[in-house]
Amino acid sequence: MTTNNHIIIGDISPRIQYTADGKQKEFIYPFPIFEDNDLEVFIGDERQVRGFTLTGAGESQGGTLTFTRPPPAQAIVTLRRHVPVKRTTDFQEGGAFRAKVINDELDRMTAQIQQIEVEASRGLKLSPSDAVEGLTLPPAATRKGKLLGFDPQGRPVAEATPGAVMAADQRAKDAETARDQANTASRQANQYRTQAQTAQKDAETARDETQAALRNAHNANKATKTEARAGSNNSKIMTPLRVKQAIDGLRPKMRPRLAVFNAPGTHQWTVPNDVKWAVVEVWGAGGGGTGGTGGAGHGGGYTRKIVALTPGGEVPVTIGRGGTGNVIHPVGGGLGGTSSFGTHCSATGGQRSYGGRGFGGHINYQGGSGDDLSGQDNLARGGHGAGGGGSGGQAWGGNASGMHPGGGGNAHKTGSGNGANGQVIVHYWI
């Protein structure tokens, strides 16, 4: 749509964004456009070419875009002016030189300069004080598959491959994990040492008080077991048995406990009273084997983590199901399911091309790879589950399932085995 009125191009950005609420249909664009086609409309990253109407083309103050249906809630709606860079007029030698034609042409040029300015402001650029005069990229053959970096003079160069950078990052993360685990172990050791020292002092105090009571209580009655542990009556005689009972009452009574989950599905574990910490081990399920010309299933991943808990709270525990064996290639055996302990840590199951991985733990391992059927005497053994998990199927029948937990299923020219289910073990003390 066009207008015969002269448009005033003000000092306003030709781009605006809104966050949709799922109900609003009308959105204002506060900058002028010459024609309806000069306004580009985006919902998220997708450009919209239909499903809306426009008003205000040719008006200096802009106009309104109305959607047929409101954009979904939280979607980003972007409206921007994009005037094609082309001449729309041609002045003839000796022809009329009308002010409106000149104004319209200058308005278009100003609008084009504004949109170029917006695009330039959204790109990478040098600081005004930067001494580097050129940022020419290395040739494609040099930079392909590598990361972009800068030499000591600030010029772009092709750096190491992403894999090498990721490997270095992983080594750094592993070092940080090891350091954190060492610090945690050191703190726990200090806590245990302090508790032992406190218990020793308490025992020594009880011993001294008992000896004093024995010296001063010639005619007193012997203390009962309850009185000995309470230590509230200073007139009773403490026999050797009562002394031992009093000391035993001061000793910690915490003993290790286990909560084991290995049935596929989601379970709820209620944290026992007084339990604030636990060591959690998680195994992902093993992948199923693929018969024919395929291969054995890969083992599930493993993770181990020290987890802070809320006494009496509940934690969802998910156990991944072992992948189903399949004799059809290239369809492949089923993928091993993911096991998890709440949102604290998880281990994925064996995939078709690699073992599962551990995530979120202080220790994370990848599951073992299953054999390929090629050159394996018609039998491929399944991959081991990570972190000491179960081995893959071993029977020569070719359809053996993975051993619990996390082992991949066998594969045979005429059959295949299922992957083992995942497992979660919670170590706690009470």
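Which residues lie nearest the centre of the second largest pocket? They are Gln170, Lys173, Asp174, Gly358 and Asn364, among 16 lining residues. The model is predicted: local features need pLDDT of at least 70, side-chain atom pairs count only at pLDDT 80 or more, and totals for chains, interfaces and linings use all residues. Residues are numbered from 1 along each chain as its sequence is written, and side-chain values use heavy atoms, with hydrogens and water left out.

A pocket here is an open set of points on a 1 Å grid over the protein atoms alone, where a 1.4 Å probe fits, with protein on both sides within 12 Å along at least five of seven lines; lining residues have an atom within 4 Å of a point. A volume is the space filled by probe spheres set on the points.

| Pocket | Volume | Lining by class |
|---|---|---|
| Largest | About 730 Å³ | nine nonpolar, six polar, four charged residues |

In the largest pocket, Gln188, Gln191, Tyr192, Met254 and Trp277 lie nearest the centre. Helix 3 (162-216) and strand 12 each supply at least two lining residues there, with helix 3 giving the most, eight. Helix 3 also has the largest share of the second largest pocket's lining, eight residues. Helices (H or I, at least four residues) and strands (E, at least two) are DSSP runs, numbered from the N terminus.

Phe341 touches Trp269, Val280 and Leu309, among others, not counting residues up to four places away in sequence; contact means heavy atoms within 4.5 Å.

Key. Nonpolar A, V, L, I, M, F, W, Y, C, P; charged D, E, K, R; others polar.
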